[in-house]
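Open the model in a viewer and keep the selection tool at hand. The stops below move through side-chain pairs and then to the core.

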Amino acid sequence: AGSVAARYSRGRAVTIAVDAFTFLRPVVVGDEVSVFAKLVSVGNTSMKIAVEAWRRTRHEDQSYRVTKATFTFVAIGEDRQPRSVAPLCAA
């Protein structure tokens with residue numbers, strides 16, 4: 001989520017909220033874990049990013065979602081104060 005926020009805002013961004021983590025399945029040593037993040041909305045200085053983590057055991061083809069959350073970031077300037085970000089364009 002932090003990488004998506006920094007890339008979109010073209011600079012520093014700080015986490016101000018996480019809605020909640022819901023752990024649906026365990027992850028054990030040796031599992032392959034994939035994390036996916038998507039920018040879902042943008043305010044004047046803030047960005048909401050949906051994140052999901054998926055696991056796959058070494059011996060299976062099936063993947064399972066293990067957690068999800070929505071992170072809110074605020075873009076900040078060198079002075080550590082909020083700064084504006086570009087509006088989200090419909091693609």
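Select D31 and R55: they form a salt bridge, with the closest N and O atoms 2.7 Å apart (a salt bridge is a side-chain nitrogen of Lys or Arg within 4 Å of a carboxyl oxygen of Asp or Glu). D31 lies in the loop between strand 1 (13-18) and strand 2 (32-42) and R55 in strand 3, so the pair ties together parts 24 residues apart in sequence. Strands (E, at least two residues) and helices (H or I, at least four) are DSSP runs, numbered from the N terminus. D31 counts as buried at 16% relative accessibility, and R55 does at 13%. Buried means under 20% relative accessible area, exposed over 50%, partly exposed in between (1.4 Å probe, protein chains only).

This is a predicted model: local features need pLDDT of at least 70 and side-chain atom pairs pLDDT 80 or more, while totals for chains, interfaces and linings use all residues. Residues are numbered from 1 along each chain as its sequence is written, and side-chain values use heavy atoms, leaving out hydrogens and water.

Next, select E32 and R56, a salt bridge with closest N and O atoms 3.0 Å apart. E32 is partly exposed at 39%, as is R56 at 23%.

Then select E52 and R65, whose side chains meet in a salt bridge (3.3 Å, N to O). E52 is in strand 3 and R65 in strand 4, 13 residues apart.

Finally, select V4, A5, L39, M47, I49, V51, A69, F71, F73, A75 and V85, the largest nonpolar core (buried Ala, Val, Leu, Ile, Met, Phe, Trp, Tyr and Cys residues joined through side-chain atoms within 4.5 Å). Strand 4 gives the most to this core, four residues.
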